[in-house]
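This briefing is meant for a reader who is meeting the structure below for the first time.

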Amino acid sequence: PEEQLPKHWMWASLLEVSKVIIDCDHKTPTYTDSGVHLIRTTDIRNGEMRFDATKKVSWESYLARSRRLTPQAGDIFFTREAPMGEAAIVPNEHVVCLGQRLMLIRLFPELFNNKFLVYVIQSPSFQKRLRVAAIGMTVKHINVVEVENLVVPVPPKAEQDRIVAIVDGLFRMCDYYAEQLSRKQRIATNLATSAVANLTGITFEQEEEP
């Protein structure tokens with residue numbers, strides 16, 4: 001890549017930094033009313049794995065789809081299509097099943113911070129390399145081999161950990177100010193509604209703000 005890295009960093013492919021990378025089972029599973037969360041591409045957005053609208057599969061189906069590798073906490077699910085290039089970490093509190101058009105990436109935890117890799121995947125430079133490697137005229141997707149060959153910057157593990165801590169702090173700050181802005185907008189709306197009610201005598205139901 002054109003980006004210049006610090007001298008003590010290096011470029012490496014996803015295959016080189018991973019303990020294992022597997023593709024999903026391509027058979028469409030039978031859904032059940034309850035059971036194991038089947039993570040689909042729609043359940044991964046902005047670095048998070050969402051569980052509010054997941055499909056469910058039976059325990060038997062989960063075991064069958066996990067024959068090659070059972071997902072575990074800390075693994076990364078990566079979307080190859082619809083949309084391409086989203087990633088999220090499997091959390092501790094859920095048993096999950098790998099859905100279609102997804103890949104599982106398991107790193108060497110003593111050498112690579114999984115959250116650092118998710119941030120790298122979200123970065124504009126990685127997304128640019130991903131688009132170059134993608135195929136398809138209408139819906140862009142990327143083949144398994146091309147995913148394995150995508151390169152990522154590799155700093156020393158201690159430096160990865162510090163970068164993640166700093167980025168996490170910046171995101172927390174963004175969340176705080178976003179909530180403050182949202183609260184101020186609600187207050188402004190309520191003040192405007194109250195002003196209209198006082199001037200016209202028309203009242204509207206509104207959310208109470210302290």
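The axes of H3 and H6 come within 9 Å of each other and cross at roughly 65°, where axes are lines fitted to C-alpha atoms, for helices over the stretch in contact, and angles run from 0 to 180 degrees between N-to-C directions. The model is a predicted one, in which local features need pLDDT of at least 70 and side-chain atom pairs count only at pLDDT 80 or more, while totals for chains, interfaces and linings use all residues. Residues are numbered from 1 along each chain as its sequence is written, and side-chain values use heavy atoms, with hydrogens and water left out. Element names follow DSSP runs numbered from the N terminus, with helices (H or I) of at least four residues and strands (E) of at least two.

**Helix H3 and its helix partners**

- H3 passes H6 in a left-handed crossing, a term used if the near helix is turned anticlockwise from the far one by less than a right angle, the clockwise case being right-handed.
- On the H3 side, Lys 115, Phe 116 and Tyr 119 meet Gln 160, Ile 163, Val 164, Val 167, Asp 168 and Phe 171 of H6, contact meaning heavy atoms within 4.5 Å.
- The residues of this contact of H3 with H6 divide into six nonpolar, one polar and two charged; Ala, Val, Leu, Ile, Met, Phe, Trp, Tyr, Cys and Pro count as nonpolar, Asp, Glu, Lys and Arg as charged, and the others, Gly among them, as polar.
- H3 also packs with helix H4 (residues 124–133), at an angle of about 65° and with the axes 5 Å apart.
- In that packing, Val 120, Ile 121 and Gln 122 of H3 meet Pro 124, Phe 126 and Gln 127 of H4, and by class the contact of H3 with H4 has four nonpolar, two polar and no charged residues.

**The four-stranded sheet**

- An open sheet of four strands runs in the order E2-E10-E7-E8, with antiparallel pairing, two strands being paired if DSSP finds at least two bridges between them.
- Strand E2 (18–23) and strand E8 (84–89) stand at the edges with a single partner strand each, so one side of each is left without a neighbour in the sheet.
- Neighbouring strands of this sheet are turned by 20° against each other on average, direction ignored.
- Strand E7 (residues 76–80) and strand E10 (residues 102–107) pair in the antiparallel sense over four bridges, and Ile 76 has Ile 105 in E10 as its bridge partner.
- H3 lies across E7, E8 and E10, running at about 160° to E8, whereas H4 packs on the sheet by touching E7 and E8, its direction making about 130° with that of E8.

**The three-stranded sheet**

- A further open sheet, of three strands, has the order E6-E3-E9 with mixed pairing, and its edge strands, E6 (55–57) and E9 (96–98), each pair on one side only.
- The twist in this sheet averages 45° from one strand to the next.
- Strand E3 (residues 36–39) and E9 pair in the parallel sense over three bridges, with Val 96 in E9 as the bridge partner of His 37.

**The loop between E7 and E8**

- Ala 82 is found in the loop between E7 and E8, and this residue has a positive phi of about 55° although it is not a glycine.
- Pro 83 belongs to the loop between E7 and E8 as well, and the peptide bond from Ala 82 to Pro 83 is cis, with omega near -5°.
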